[in-house]
Amino acid sequence: MFIDVHCHLDHENYGDISELIKRCAESGVGRIITVGFDLPSSRLAAEIAEGHEGVYFTAGFHPTELSKYKDGDLKIIADLCAHQKCVALGEIGLDYHYPDTQKELQRDVFIAQLELADRLKMPVQIHSRDCAEDMLSLLTEHKHLLKNGALMHCYSHSTEMAEEFLKLGLSFSFGGASTWKSNKKAKRTLANLPLESILTETDSPYMPPASAYGTFPNTPLAIPEICNCIADIKGLTPETVQKAVMENACRLFKKLG
């Protein structure tokens, strides 16, 4: 069985979600984690997970969505995290890509959500874009909050940085971009990381794999291609990678069972 540990299912981009989930299961993608990035998307993720076998969710506030954030929102996130199918708090983190980035606010809300996850004994899914040094510094300073596990989703920093994050006990997920011929950095990082730290994701509806480059939306149906690419990079069979990724996911996201 394959798993997509990070995607964004919604009605706007996918149409009939039930049909998509059925097609995924038929293709072997039997576990999907749909990820919240603010309150409405976290609530929708919970609703979709409740209605579909094999679908789980996360709840959290993405760093570029903080214009919507207000006092009391973390109580709602905590309530969502108590759901039996909520496997992590996320996605949370830092994103310095845009010129109007509010770095101090991002840091404060990120730390508050790390503290909440620690109190709830939940792992976290981390978004980290154009902020490698600050992310490493923050996580090193707050490594006591990471004891329930953390995933660097759609990992895009350097191989050398990955080694530092690995020392903190983090896991890493890779998506469609890792299949692109031009993405030598991701391939080098995948070759260097231990298999026990690697997971598969799509970040759907974004980041399609090489076979569907330029198309929209991407879907969890891309997971087998991503898994095969990881197997090629690491010189392993697809079955070995598939099995290890599922074991890694169940170890990190304990509610997967």
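Predicted model: local features only at pLDDT ≥ 70, side-chain atom pairs only at ≥ 80, totals over all residues.
The largest pocket has a volume of about 960 Å³. Its lining comprises 39 residues, of which His127, His153, Cys154, Asp203 and Met207 are the closest to the centre. Two or more lining residues come from each of the elements β2 (29-35), α3 (39-50), β4 (86-95), β5 (124-129), β7 (171-174) and α8 (184-192). By residue class, the lining of the largest pocket divides into 15 nonpolar, 16 polar and eight charged residues.

Strand β5 is mostly covered, with five of its six residues buried. β5 pairs with β4 in the parallel sense over five bridges, and Ile92 is placed opposite Ile126 of β5. Together with helix α6 (residues 132-141), β5 and β6 form a right-handed β-α-β unit.

Most residues other than glycine have a negative phi, and most peptide bonds are trans. Cys154, which is not a glycine, has a positive phi of about 50°. Cys154 is located in the loop between β6 and α7 (159-167). Asp203, likewise not a glycine, has a positive phi of about 55° and belongs to the loop between β8 and α9. Because its relative accessibility is 11%, below the 20% limit, Asp203 counts as buried. Both Cys154 and Asp203 are among the residues closest to the centre of the largest pocket.

Two cis peptide bonds can be described as well. One leads from Gly90 to Glu91, with omega near 5°, and Glu91 is part of strand β4. Another joins Ser204 and Pro205, with omega of about 10°; Pro205 lies in the loop between β8 and α9 (223-234).

Leu195 is situated in the loop between α8 and β8 (198-200). With a relative accessible area of 13%, Leu195 is buried. Apart from neighbours within four places in sequence, the contacts of Leu195 are Lys234, Leu236, Thr240, Val241, Ala244 and Asn248. Between Leu195 and Tyr98, the separation is 97 residues in sequence and 33 Å in space, C-alpha to C-alpha.

Definitions and conventions. Residues numbered from 1 in each chain as written. Heavy atoms only, no water. 1 Å grid on protein atoms, 1.4 Å probe; cavity = no way out; pocket = protein on both sides within 12 Å on 5 of 7 lines; lining within 4 Å. Points joined across faces, edges and corners; volume = space filled by probe spheres on them. Helix = DSSP H or I, 4+ residues; strand = E, 2+ residues; numbered from the N terminus. Nonpolar A, V, L, I, M, F, W, Y, C, P; charged D, E, K, R; others polar. Buried < 20%, exposed > 50% of the residue type's maximum accessible area, 1.4 Å probe, protein only. Pairing = 2+ DSSP bridges. Right-handed = clockwise from strand over helix to strand, strands pointing away. Contact = heavy atoms within 4.5 Å.
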